[in-house]
Amino acid sequence: MFSYILRRLVFGVLTVIGVSIVVFVIMRVLPGDPLVAIFGAEGYTKLTEAERASYMSQLGLSDPLWQQYLAWVQDIARGELGHSFFRSESVADMILRRGPLTAQIAFLSVLLSWLVGIPVAIVSALKPNSWADNLVRFMSILFIAVPGFWLGMLIVLTLLFTFGYRAPLTGANLLADPWTTVQMIIGPAIVLGLGQAAYIARMARSSLLEVIREDYVRTARAKGLSGRLVIAFHALPNALLPVITLSGVLLGFVLAGSIPVERAFGTPGLGYTMFTAVSERDVFVMQNLVFLYAVVFVLLNIFIDIIIAWLDPRIRLR
Amino acid sequence: MTTTAPDAGLRQMPGTSTSALPAPPPRWRRILRPVGTFARRSPMSAFWGLVALAIVAMAAAAPTLAPYDPLKSNFRAMTKAPSEKHYFGTDQIGRDTLSRVIWGSRSSLTIAFCAVLLGTTVGALWGLACGFFGGRFDIASQRAIEFMQSFPDLVLAMAIAMALGAGTGTVIVAIAITRIPFGGRVIRSVALSLREQPFVEAARGLGASNKRLMFRHILPQCIAPFLILATTHLGVAIIIEASLGFLGVGIPPPTPTWGNMLSDALNSGLVPPWWLVLFPGLAITITVLAFNLLGDGIRDLLDPRLRGSV
């Protein structure tokens, strides 16, 4: 087990290095002038050659690319992620202030997706092709197709028109003001949770259907255990392994999905910051945030792999 | 042509009555037969396939279908709720929402089709090469694909679209790049298993070059997985395109896309009018639903073993 964890971590470090190179290539090497991004196409044409050159060297963009890359890596190592072009707040502060909100949304949505997805899948798998099963399958296909941000906009509008209610937009601190925070995160969490629940229900259903047919489940039934016990203690633990893996993949979906969903709800989380950065073409903020998202995604996947290995000796011993 | 000559001669030979042989089915029947099988086996998918076809037709016929010019403002009808004149209402500067939704299907579908085709093809060719050559090239490629998959799709697409600047071409490239790993993975495994098959060995024994082996013997076997992959990813591509539009890095306004229509609705003020939110989103949902279910049907028809894996 220890060697497995070590191996995964070494691979993780390699992946993070690779990811940093990919991010750097996208943000700095691909065609597209950062000064155009900052000043706009029109403002850019008004700058003189000398001004352009001085701005470029101020931003450290006229150094050779490998120097720029090393400088960026050093900044990350020191925890100084630079400043936005448009705001005084440093990127590191931004992440610390807004990150927790998005983390809470992600956590709550995963919780919701399991609370909704698994019971629904059990009902569905126990009576295949019943009306309940058909309903579950239809709903999961539907929720895979519905864009989360649109659902979010509809929820905001419906609450506003029917109850005159709008979730608070500022003042999020889970400890100081839990009620406000819950109101802020519950909407995005429900939307993202339902989106994941659709995938989880589908996976759990097909996985349960497979497991139920196995011999050891029949044995458990034959020795006189009740159906409920067999499902809960024999079938479910094995059927849930692929669901855990899927849930890890879906976390990436939540990280990405929270960007438009937070915009739809107006939740001031990290996703909203990402939206602001991308619409303002704020290259440095974007570079660091994209890297952060990728690192979180890689770490989550390693974490899931380790959990799976801990739960399933067949993987650990391979 | 020389090949048809003996056949034509045979038909004119005396004594051979054509009525004794069953008449070959007309051409259109032969083409339509698999469609019929498809419809019988999975009526649900066939129905949604028709819906998908209708949406594609709508996109193609947008200029004749749309009742108004999607870009033209009518300042006497601004922010009007749905009525008989404007079935889906009008937006803040008096543009007809129905016309914009119809025209929006054009950009959304064009981008989704091109991106999936480009991304899956590049991925498939890459995967084919990986599976066929193996060795160091394969190992390096697998690492590269892993790095690409370390990003959530939308985040990667956002970064690329932002770096390249707004426009149809860049959005297509941005979405296509996120589709490459999927094509690479699936086709690589197909090529890996085919490489050891006797028919490939035989061709190699006959002295076929690597190029011939790859494109003449292995590539044709990859067509079914390729088609399945492409149709299942259409829905995802449409959602990513809409999200990019919603976040302001898709096709820039005034060109209508479903995503930037929703974004416009939110930018208009504190409370967006409901018809500006409902209809573009409904269009996205129905389109994605149609392509996803069609994809499921095609997958079950072409390769039932792949159920749930692609």
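What share of the contacts in chain B with a separation of 6 or more is accounted for by residues 24 or more positions apart? In this predicted model, such pairs account for 71% of those contacts in chain B. For chain A, 73% of the contacts between residues at least 6 apart in sequence join residues at least 24 apart.

Chain A contains 13 helices and 0 strands, and its pattern along the sequence reads α-α-α-α-α-α-α-α-α-α-α-α-α. Chain B likewise comes to 13 helices and 0 strands, its elements running α-α-α-α-α-α-α-α-α-α-α-α-α from the N terminus on. Of the 318 residues in chain A, 36% are buried; of the 310 residues in chain B, buried residues make up 45%.

The contact between the chains draws on 39 residues from chain A and 38 residues from chain B. On the side of chain B that touches chain A, two or more residues each come from α6 (135-148), α7 (153-164), α11 (223-246), α12 (258-267) and α13 (274-302) of chain B. That side of chain B divides by class into 26 nonpolar, 9 polar and 3 charged residues.

Helix α6 of chain A covers residues 131-145. The buried residues in α6(A) are A:Val136, A:Ser140, A:Phe143 and A:Ala145. Within chain A, the buried residues of α6(A) pack against α5 (91-126) and α8 (178-212). They also pack against α11 and α13 of chain B.

Those two helices of chain B also pack on one another. The axes of α11(B) and α13(B) are 9 Å apart, at an angle of about 165°. This angle makes α11(B) roughly antiparallel to α13(B), and the crossing is left-handed. From α11(B), the residues that meet α13(B) are B:Ala224, B:Leu227, B:Ile228, B:Thr231, B:Thr232, B:Leu234, B:Gly235, B:Ile238, B:Ile239 and B:Ala242. Their counterparts in α13(B) are B:Ile284, B:Thr287, B:Val288, B:Phe291, B:Asn292, B:Leu294, B:Gly295, B:Ile298, B:Arg299 and B:Leu302. By class, the contact of α11(B) with α13(B) has 13 nonpolar, 6 polar and 1 charged residues.

The crossing of α7(B) and α8(B) is right-handed. In α7(B), the contact involves B:Asp153, B:Leu156, B:Ala157, B:Ile160, B:Ala161 and B:Leu164. These meet B:Thr170, B:Val171, B:Val173, B:Ala174, B:Ile175, B:Ile177 and B:Thr178 in α8(B). The contact of α7(B) with α8(B) comprises 10 nonpolar, 2 polar and 1 charged residues.

In chain A, helix α9 (residues 215-222) and helix α10 (residues 227-265) have axes that come within 10 Å and cross at roughly 150°. The two helices are therefore roughly antiparallel to each other. The crossing of α9(A) and α10(A) is right-handed. Here A:Tyr216, A:Val217, A:Ala220 and A:Arg221 in α9(A) meet A:Val230, A:His234 and A:Ala235 in α10(A). The contact residues of this pair divide into 5 nonpolar, 1 polar and 1 charged.

Two individual positions in chain B were also considered. B:Ile218 lies in helix α10 (residues 210-218) of chain B. B:Ile218 counts as buried because 21 C-beta neighbours lie inside 10 Å. Residues up to four places away in sequence aside, B:Ile218 touches B:Leu128, B:Phe132, B:Ala191, B:Leu194, B:Val200 and B:Leu213. A separation of 9.8 Å was computed between the C-alpha atoms of B:Ile218 and B:Leu192, which are 26 residues apart along the chain.

B:Leu125 is located in helix α5 (residues 97-133) of chain B. With 18 other C-beta atoms within 10 Å, B:Leu125 is partly exposed. B:Leu125 and B:Ser209 are 84 residues apart in sequence, and their C-alpha atoms are 17 Å apart in space.

How values were computed
Residues are numbered from 1 along each chain as its sequence is written. Chains are lettered from A and ligands numbered from 1 in the order in which they are written. This is a predicted model: local features need pLDDT of at least 70, side-chain atom pairs count only at pLDDT 80 or more; totals for chains, interfaces and linings use all residues. Helices (H or I, at least four residues) and strands (E, at least two) are DSSP runs, numbered from the N terminus. A residue is buried if 20 or more other C-beta atoms lie within 10 Å of its own, exposed if 12 or fewer, and partly exposed in between; C-beta atoms are placed from the backbone. Two residues are in contact if their C-beta atoms, placed from the backbone, lie within 7 Å. Ala, Val, Leu, Ile, Met, Phe, Trp, Tyr, Cys and Pro count as nonpolar, Asp, Glu, Lys and Arg as charged, and the others, Gly among them, as polar. The expected span of a helix is 1.5 Å times one less than its number of residues. Axes are lines fitted to C-alpha atoms, for helices over the stretch in contact, and angles run from 0 to 180 degrees between N-to-C directions. Angles under 35 degrees count as roughly parallel, over 145 as roughly antiparallel, 65 to 115 as roughly perpendicular and the rest as oblique. A crossing is left-handed if the near helix is turned anticlockwise from the far one by less than a right angle, and right-handed if clockwise.
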